[in-house]
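Dear colleague,

I am passing on the structure below, together with some notes on what was found in it. Could you read the notes with the coordinates open beside them?

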Amino acid sequence: MVTHPTPVATALAYRTADILSLVIEAPTSYTLTLSCPDRPGIVHAVSGALLTVGCNIADSQQYGSVTTGTFFMRVEVTTSAGADAVRAAIAPVADAFGMRWDVHPVGQKVRTLVLCSTAAHCLNDLLFLHRSGTLPIEIPAIVSNHTDLAPLAEFYGIPFHHIPVTADTKADAERQLLEIIEKEEIELTVLARYMQILSNDLCRELEGRAINIHHSFLPSFKGAKPYHQAHKRGVKLIGATAHYVTADLDEGPIIEQEVIRVSHARTAEEFVQMGRDVEGRTLAQAVQWHAEHRVLLDGTRTVVFN
């Protein structure tokens, strides 16, 4: 006996198929970043390749460095084709132009390790913005050479690792740090007032994937109590600099800077407090731009598409 589906069953089947089609074909947003030697035809070639997999370009920024002769580009696209299809379309263009490039889903959180010592302001800002959803990062661990900030990590529910560092234990401490980075699949390391100098080997290992914050007075006011030194000299501007970590101490490519005006009426202690506020904001902004794949390296400089 042959049975035929009822009109209701047929309608439901078509409706289910429509829903599945929408789920499968729902467009996803991706960010393409690239850099290569500058020459004519790059934008045309990239746009054409993206079109072949049905990409709609939502945002596009580019910059040609006269100094280094390098072309930089950041493109946000939406497509139903998927990340692998986008990469397959771009690959031959990248080969032809000698590009360094990558494709990331928009909004994908970057796994971030935070290093700290005893100052809480930068760590607290990052954790608060992380919890509120402002920063597109995931923090699976916090590492410190002191235990002072363990309660803050506990408050936010993030595992805290105490790794003491001395001249004799520095190599072993960095080995433990690298083990955590590997185990937690860390993509970005943030030095939130981590008062230890990383070895040259570790700096090279983390090249382009580690961000540090310091007061903008370097190198004018080196050593202890830089804000007190600045106050004594009667400076009119104080601020902070966020930069990538390199073996050259505090001289890595700069991502973000901020300054605020001060006057003779401010005390040294007020300088310190105002400086902390600027440091927290500057570091958080640099982390956000890095996590959104807006920062591209141009030798000792950065190109920031914001």
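**Overview**

The secondary structure of the protein amounts to nine helices and 13 strands, where helices (H or I, at least four residues) and strands (E, at least two) are DSSP runs, numbered from the N terminus. This is a predicted model, in which local features need pLDDT of at least 70 and side-chain atom pairs count only at pLDDT 80 or more, while totals for chains, interfaces and linings use all residues. Residues are numbered from 1 along each chain as its sequence is written, and side-chain values use heavy atoms, with hydrogens and water left out.

Taken along the principal axes, the C-alpha atoms of the protein fill a box of roughly 95 × 50 × 45 Å. Of its 306 residues, 43% count as buried; here buried means under 20% relative accessible area, exposed over 50%, and partly exposed in between, with a 1.4 Å probe and protein chains only. Among contacts (heavy atoms within 4.5 Å) between residues at least 6 apart in sequence, 68% join residues at least 24 apart.

**Two helix pairs**

Two packed helices are described by the angle between their axes and the distance between the axes. Axes are lines fitted to C-alpha atoms, for helices over the stretch in contact, and angles run from 0 to 180 degrees between N-to-C directions.

The axes of α2 (residues 42–52) and α3 (residues 83–97) come within 8 Å and cross at roughly 155 degrees, and the two helices are therefore roughly antiparallel to each other. For the angle classes, under 35 degrees counts as roughly parallel, over 145 as roughly antiparallel, 65 to 115 as roughly perpendicular and the rest as oblique. On the α2 side I42, A45, V46, A49, L50 and T52 meet V86, A89, I90, V93 and F97 of α3. By class, this contact has ten nonpolar residues, one polar and no charged ones, with Ala, Val, Leu, Ile, Met, Phe, Trp, Tyr, Cys and Pro counted as nonpolar, Asp, Glu, Lys and Arg as charged, and the others, Gly among them, as polar.

For α8 (residues 226–233) and α9 (residues 268–291), the axes come within 9 Å and cross at roughly 125 degrees, and α8 and α9 are therefore oblique to each other. Y227, H228, A230 and H231 in α8 meet a set of α9 residues that includes F271, V272 and R276.

**R74 and E76 in strand β3**

R74 lies in strand β3, as does E76, the strand covering residues 70–79. R74 counts as buried because its relative accessibility is 2%, and E76, at 19%, counts as buried too. Their side chains are joined by a polar contact of 3.0 Å, a polar contact being a pair of N or O atoms within 3.5 Å, where within protein one must be able to donate a hydrogen and the other to accept it, and residues adjacent in sequence count only if both atoms are side-chain atoms. A polar atom of the R74 side chain also lies 3.1 Å from the backbone oxygen of H293.

**K170 in helix α6**

K170 is found in α6 (residues 170–183) and, at 25% relative accessibility, counts as partly exposed. The K170 side chain reaches the backbone oxygen of I197 at 2.3 Å. Leaving aside neighbours within four places in sequence, K170 is in contact with V165, Q196, I197, L198 and S199.
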